[in-house]
Amino acid sequence: MSLPNISRVSASGLLRSSCDLRWLLRSVAPLAAPRRALTHMGYRRPGQPREDRPPWWRVKFDLAKGLKGMKRHFKLLKEEFFAPFVGPMGKPIIEHMLEQNQVLWEFRGPHSLQEWTISCDREIGGKSEIYLKVGRNNESCLLYGTLCSDPPKDGETRYSGYCTMRSKQPLASFDRKKYHDWSSFNTLHLRVRGDGRPWMINIVPETYYTHQKDDMYSYFLYTRGGPYWQDVKIPFSKFFLAHRGRIQDDQHPVWLDKINSIGFTLGDKADGPFQLEIDFIGVCKDYAHTEDFAYEKYKRNPEV
Amino acid sequence: MKCSRCLLQLVRSGRTVVQRGSLLLSPSSGQLIVQHNQQQQVLRQFRCSPVSAKSQPELVRFVNDDGTKKTKSLVTQEDLFEQVAKESKTKATFNQVIDVFTKTDIRRRGHVEFIYAALKKMPEFGVERDLTVYNKLLDVFPKEVFVPRNFIQRMFNHYPRQQECGVQVLEQMESYGIMPNIETKVLLVQIFGEKSHPIRKYQRIMYWFPKFKHVNPFPVPQPLPEDPVDLAILSLNRIANDLDAKTTVYQLPFTDITESGEEISFPHIVGIQSPNQMELLAKHNPNRPVFVEGPFPLWLKKTCVYYYILRADPTPPEEKEEEVYDPERCFYYPLQLDLDLDRDLGDEENFDVDDLDEGPVFAMCMTSQGDQATLNQWISGLQQNNPILGRIPTLFRLDAGTRELEGVADTEAGHSHQPPPQSQREDGLPAEDSEAAVEEEEPRRSRGMKQ
């Protein structure tokens, strides 16, 4: 098989050039998370200059805001002080022990949107858009936007095109971290109305070691589309462990006693507008579900 | 580098060899005797059978496109593909390029770069979902060279660039959702040995892909039907959420030639209605209007189709009547049970949320042209099975662009010329993009009363 008149580069020239080319610079698409207050600097887009300002410069000193904040914190502190007199978590103990369903987020009105952050790949230079607004008649929330999977031209990123919505970390008084405790439940129940796109639900628990920072337990949310609401029940035993978007070899079920946040991600490489309406998100205890974990826990890739 | 562009071809044996000098063949011994030129290029019989040439080798000189023979510009492997791309981009030409590369150099110099270039060019040639092409690409790697032979080599990430390249090939396969087969595994084992990174990646793919293959409770058939009517029937059945629903094709697409010689194409109209919806429509109060709303998007893998719905506002609480179950309707089991279940807190099975009442949906349809004339045709088609439609005023709320589904008939200011009786208005909704578009399209929107 010969092709005439093909210009050829010499073999040694090729070897030299392969070192120059950045074929081997592979980067995983960075984690789509809103900037967390506890991270040192957040994500820095490649090509953006580093900020040299000292971290205390970022704090804004404003008396009115400070006073309002103080009032809010002390109010929360008072509530926290008197809550244990009612029972654990502020609920009577019989309710805490026996309850079978708990509604976590119910989207009724603009105040319910305060607990959520949205983010898309615009942070890394992509072209997607995402917006969150209250649905018709304050009865749901609508997450909509456009997905565009053109990767940003910064030489590093290879894949792009994602949009996410994530719940904010619950905070106690004085901005202390509070965790969701779902240890008495075993199923996640959502009422959504999508447009047929497959979403991914990510649960981020609180971890101890730094290398566990981007650990996420994920599962798929397939929407049917159409004008009818869809009840989705996903047992927590189905969530698999992923780190920075890569599924891990050593799997274990998600520990439900300290959950930081839950999020929805769209990254199905289908460019175009999308929308997802959520009515409520709750957890429930399904006595019929006895599965411990859906994936094998033994070591499947023994060491070399 | 005088003859840097020389390419010697052994025509008979079909094996091409690149060298910077000239190559002599002695027919008697059947072995290649190589002249050592300035670059000390020595060609050995490298894991292949001895070449028996029957004729003098031909010296073929390739030149650059612009005729200069001594340019020192960097020519990347992608140029190979681009040269071929000028003619036609098919699987055959892609395979051809790979063949040219494999047969050019026995040592496959620059194969890593070539494979990366090939991976990048695959979508252009349309072969990114073809497993045979990936296997052929993996075949470009020389076999057995990169297999570690002792424990030190195994420890120290033997041939990291090539392993990374192999992993990237598998990664592209994974991102397109292609399951590798046994040939891939055999190739990978031959190239990299067991316990190498590409084999590990292959094992991971083979573990997780089957687990997630059937995880979609609403699977989309692959490939999607080409015919728009079939696609409409498929998607309507999907969103109907009712197995008893019946689809009706009110009109097949056809083109009509008018008297003036113009061709007018008529779109297809496919509708769906389930018996429950028919019942609801029959019970609807004729004084209240029904709305034809749309188009709403529905995504099936990568195609977006649009559907329209016929719905009404929820009945206000004063008009709601209790449905009395006729006990004689069913003798096998009672339709209504009044049990005093002694349920305490631990048996509460429903969530403590207010039930949304968004009004019933009576029917859905899909059509390629969503103008009022077409939808009128749909309504008249529906009327044959639901005679009450003839007495109910129908309002059309057709908007281009993404719209939220449903909701009580709260209209933004200026939405409808004739406010439906007792609809609630919400003034001053936040001006977002979609609503700004709604305001702009208001004069263009088709409004009509159908009696």
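B:Asp347 lies in the loop between β11 and β12 of chain B. With 35% relative accessibility, B:Asp347 counts as partly exposed (buried is under 20% relative accessible area, exposed over 50%, partly exposed in between, with a 1.4 Å probe and protein chains only). Helices (H or I, at least four residues) and strands (E, at least two) are DSSP runs, numbered from the N terminus.

This is a predicted model: local features need pLDDT of at least 70, side-chain atom pairs count only at pLDDT 80 or more, and totals for chains, interfaces and linings use all residues. Residues are numbered from 1 along each chain as its sequence is written, chains are lettered from A and ligands numbered from 1 in the order in which they are written, and side-chain values use heavy atoms, with hydrogens and water left out.

**Surface patches**

- Patches are made of residues with over 30% relative accessible area and no salt bridge; like charges are joined within 9 Å, nonpolar side chains (Val, Leu, Ile, Met, Phe, Trp, Tyr) within 5 Å.
- A salt bridge is a side-chain nitrogen of Lys or Arg within 4 Å of a carboxyl oxygen of Asp or Glu.
- Accessible areas come from the Shrake-Rupley method with a 1.4 Å probe; for residues, only the protein chains shown count as cover.
- Lys and Arg count as positive, Asp and Glu as negative; His and the chain ends are not counted. Each charge is placed at NZ of Lys, CZ of Arg, CG of Asp or CD of Glu.
- B:Asp347 belongs to a negative surface patch with B:Asp340, B:Asp342, B:Asp344, B:Glu348 and B:Asp352.
- On chain A, a positive surface patch gathers A:Arg53, A:Arg58, A:Lys60, A:Lys65, A:Lys68 and A:Lys71. A:Lys65 sits in helix α2 (residues 63–86) and is exposed at 52% relative accessibility.
- A:Met70, A:Phe74, A:Leu77 and A:Phe174 make a nonpolar surface patch of about 360 Å². A:Phe74 is in helix α2 of chain A and is partly exposed, at 48%.

**Aromatic pairs**

- Rings of Phe, Tyr and Trp (its six-membered ring) pair if their centres lie within 6.5 Å; planes under 30 degrees apart are stacked, over 60 edge-to-face, the rest tilted. By this rule there are 34 aromatic pairs over all chains.
- A:Phe280 and B:Phe351 have ring centres 5.2 Å apart and planes at 50 degrees, so the pair is tilted. This pair crosses between chains, from strand β13 (residues 272–284) of chain A to the loop between β11 (303–312) and β12 (361–367) of chain B. Both A:Phe280 and B:Phe351 are buried.
- B:Phe254 and B:Phe266 are stacked because their centres are 4.8 Å apart and their planes at 20 degrees. The pair links distant parts of the chain, 12 residues apart: B:Phe254 in strand β7 (residues 254–257) and B:Phe266 in strand β8 (residues 263–266). B:Phe254 is partly exposed at 39%, and B:Phe266 is partly exposed at 29%.
- Ring pairs also build a cluster; among its members are A:Trp182, A:Tyr219, A:Phe240, B:Tyr207 and B:Trp208.

**Backbone geometry**

- The B:Gln222 to B:Pro223 peptide bond is cis, with omega near 0 degrees. B:Pro223 lies in the loop between α8 (197–213) and α9 (228–240) of chain B.
- A:Phe174 is not a glycine, yet has a positive phi of about 60 degrees. A:Phe174 is in the loop between β5 (163–167) and β6 (187–194) of chain A and is partly exposed at 37%.
- B:Asn241 also is not a glycine and has a positive phi of about 60 degrees. B:Asn241 sits in the loop between α9 and β6 (246–251) of chain B, partly exposed at 45%.
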